[in-house]
Structure formats: C-alpha cells, structure tokens
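Here is my note on the model you sent. Please keep the structure open while you read the points.

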Amino acid sequence: MIASKFESLAVTPEEVEILDREHHEPEYFQESQMLNIFPEATKYVRARLKELGEQFRMLDDLESKTYENLQVSVPNAVEREKVFNFLDATFISPKFKKLEREQHKLKQMLGWKNKKHTFSLRIAKSKLITELLKFDSGGYARCIWHHESTPSLKYYKEDNHVFCFGCGKGGDVIDVYSQINNCSLAEAIKALS
Ligand SMILES: [Zn+2]
C-alpha cells in the first residue's frame, strides 16, 4: 500500500533531529574548529550555504508544483493525498534531509545556530481547517462545494481533512482555502504559509 509505505518513510522533525545526532562525528572532531585551522575556506563555506539555500527554494517549489499538478491528474482528494505523500517520501524528503545535513555541518563550521528550513507546503498543511470554517458540536459545517441548508461537511480532526456526505467532495486545508477564496492551490499554499 502506498499509504503504509509513506508512513514508514516519512520523517518528522523529531526524527531529523535523531538522524542528525546519529550522524554526528565523535567528540574529537569539531566542525566549529575547522575554520580556525583553514580560515581561507570561509568564503567557500558561505558560498556553498548560499547554493544550498537556492536548492531548498527549488525543492520548495517542486513540492508545491507537484501538489498542484496532482489536483488535475488525481481528482479524488484522499487518493491524491496518498500519491502526493508517496512522491514526497520517495523523491523530496530524502533530498531535503541530505541538504539539511550538509547545511547543518556548514553552519556549525561558521559557528551559526542551525535554524531548520521548513517547506511552505508543510507550514500550510499545519494550519487547521477549523481556523477557516466553523463546525458545529458534531463536527459538521455547511459544504463549501455545494449549496445546502443542512450541514453535511464533516471535519476529521485526526488528519485535518473534510469530507462532504452530500456531494462527495472534500480535501485538506489547502483545498478548503482555495475553494473558499476561489484561488489556485499554489496561491493557497502561499497564503497559508
Ligand atoms: Zn458538498
């Protein structure tokens, strides 16, 4: 199953932290001492960090575009989420982790604190649909995809999704935002992050 494959491959920020720790060199090697020994390398370290920043931005774009393209090719929101998560876990997250590890080492060399890069798509997805729509005590709201007088749009707290039992449409916080504000998914991701 695609979904279970994703679950085993997906990496949370906590896991990145653990991976970072596991990849730390033994005590006798300190990145922060490197530039004391080779100060000439400082400009290369800075230049490489700039390149990495560029690559983070490209990955960010790739992630958002992948998400947007899937809306056309996979209309079913649940199915789309599975395909996206699979692509993300297979192609984007591994590249992201690799960049992050290199960035971490270079920043240590310069004695900088490592502020982790977070993709705008991830930030957008972390926003709750309940901040955009009001749900009744049973977790229902009036559907934003079709006109109705009795609420049949159900909110699922566990994965921050909605599904309409009236028209069968639904989606995540990005779908909801783009439907409410009549904008593209890319615009929704930008607005939410
Ligand atoms: Zn509906």
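The points below go from the overall fold to single residues.

1. This is a predicted model, in which local features need pLDDT of at least 70 and side-chain atom pairs count only at pLDDT 80 or more, while totals for chains, interfaces and linings use all residues. Residues are numbered from 1 along each chain as its sequence is written.

2. The protein has eight helices and four strands. Helices (H or I, at least four residues) and strands (E, at least two) are DSSP runs, numbered from the N terminus. Along the sequence the pattern is α-α-α-α-α-α-β-β-β-β-α-α.

3. Of the 193 residues in the protein, 18% are buried. A residue is buried if 20 or more other C-beta atoms lie within 10 Å of its own, exposed if 12 or fewer, and partly exposed in between, with C-beta atoms placed from the backbone.

4. The four strands make an open, antiparallel sheet in the order β1-β2-β3-β4. β1 (140-141) and β4 (170-171) are at the edges and have a single partner strand each, so one side of each lacks a neighbour in the sheet. Strands pair if DSSP finds at least two bridges between them. β1 and β2 (residues 153-156) run antiparallel and are joined by two bridges; tyrosine 140 has lysine 154 in β2 as its bridge partner.

5. Helix α8 (residues 185-192) has Leu185, Ala188, Ile189 and Leu192 buried. These residues are on the same side of α8 because they cover an arc of only 100° around the axis, taken from the directions from the helix axis to the C-beta atoms. The buried residues of α8 pack against α4 (42-73), α6 (120-125) and α7 (173-180).

6. The largest nonpolar core has 20 residues, and those touching the most other members include Ala188, Ile189 and Leu192, along with Val173. At least two residues of this core come from each of α6, β2, β3 (161-164), α7 and α8. Such a core is a set of buried Ala, Val, Leu, Ile, Met, Phe, Trp, Tyr and Cys residues joined through C-beta atoms within 7 Å.

7. Contact means that the C-beta atoms, placed from the backbone, lie within 7 Å.

Key:
Contact = placed C-beta atoms within 7 Å.
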